[in-house]
Amino acid sequence: MKTTLVMAAMLMAAMNVGTVYAQSASPEVVDTLNNLISTSIDAQKGYRQAAQVVVLKELKGRFKKESFKRAKFAAALKTRAWEEGKIYANVDDLPVYSYNRWVDVKSAVQSQDDRAVLDSLKAGERGALKAYHDALAQLLPKHIEVLLKNQKDEIQSAYDRLNREFQQPREKK
């Protein structure tokens, strides 16, 4: 039965059909996962936009990798949300959360200034770290807690790398 529900959800998601429901679970856990899905998708888009405009090739490559990593985060979170009971098949249906700082990347990208892009990415990462911190402060099933801790650690590493970029002046390549 669970396999059938998963296949139905995947089909509905591919068809971009509204909200898909599976077996019931704690609404708080599902909301937490959906919040982090939204955060991950925003981060993916932010890093992708940043990769398109930064001048330094090293940054372009790193931002593309980080964008791909955040897509993987969102996919893993969607799987967990489905297993816990509910996932939004249509990204536009996800609630908007106050932690979202990734919209600032858009304006920095328009300036095409590497420093402004780095500042915006750092702000986005701070928002993501807060979202993960708040999520981990909740009572979560162990398998979800482990997933979130691993993702938070990777986000922290990305944030630390962004901070190091400010300390290392580089020439354009």
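How many cavities of 30 Å³ or more does the structure hold? The structure, a predicted model, holds 1 such cavity.

**α2 and α3**

- Helix α2 spans residues 27–53, and its axis comes within 8 Å of the axis of α3.
- The two axes cross at roughly 160 degrees, and an angle over 145 degrees counts as roughly antiparallel, so α2 is roughly antiparallel to α3.
- α2 passes α3 in a left-handed crossing.
- Sorted by class, the contact of α2 with α3 has 17 nonpolar, 5 polar and 8 charged residues.

**α2 and α5**

- The axes of α2 and α5 come within 10 Å and cross at roughly 165 degrees.
- α2 and α5 are therefore roughly antiparallel to each other.
- The crossing of this pair, α2 and α5, is left-handed.
- On the α2 side, the residues that meet α5 are T32, N35, L36, T39, S40, G46, Y47, A50 and V53.
- On the α5 side, the residues that meet α2 are D114, V117, L121, E125, A128, A131, Y132 and A135.
- The contact of α2 with α5 has 10 nonpolar, 5 polar and 2 charged residues.

**α3 and α5**

- Helix α3 covers residues 57–84 and helix α5 covers residues 114–136; their axes come within 14 Å.
- The crossing angle of α3 and α5 is roughly 20 degrees, and angles under 35 degrees count as roughly parallel, so these two helices are roughly parallel to each other.
- α3 and α5 cross in a left-handed sense.
- From α3, the contact is made by L59, F63, R70, F73 and L77.
- From α5, D114, V117, L118, L121, E125 and Y132 take part in the contact with α3.
- By class, the contact of α3 with α5 has 8 nonpolar residues, no polar ones and 3 charged ones.
- Residues of α5 including D114, V117, L121, E125 and Y132 are listed in the contact with α3 and also in the contact with α2.

**The cavity**

- The largest cavity has a volume of about 40 Å³.
- Its lining is formed by Y47, R62, F63, E66, A158, R161 and L162.
- α3 and α6 (142–167) each supply at least two residues of this lining.
- The lining of the largest cavity divides into 4 nonpolar, no polar and 3 charged residues.
- F63 lines the largest cavity and is one of the α3 residues in the contact with α5.
- Y47 also lines the largest cavity, and Y47 is among the α2 residues that meet α5.

How values were computed:
Residues numbered from 1 in each chain as written. Predicted model: local features only at pLDDT ≥ 70, side-chain atom pairs only at ≥ 80, totals over all residues. Heavy atoms only, no water. Axes fitted to C-alpha atoms, helices over the stretch in contact; angles between N-to-C directions. Helix = DSSP H or I, 4+ residues; strand = E, 2+ residues; numbered from the N terminus. Parallel < 35°, antiparallel > 145°, perpendicular 65-115°, else oblique. Left-handed = near helix turned anticlockwise from the far one by under 90°. Contact = heavy atoms within 4.5 Å. Nonpolar A, V, L, I, M, F, W, Y, C, P; charged D, E, K, R; others polar. 1 Å grid on protein atoms, 1.4 Å probe; cavity = no way out; pocket = protein on both sides within 12 Å on 5 of 7 lines; lining within 4 Å. Points joined across faces, edges and corners; volume = space filled by probe spheres on them.
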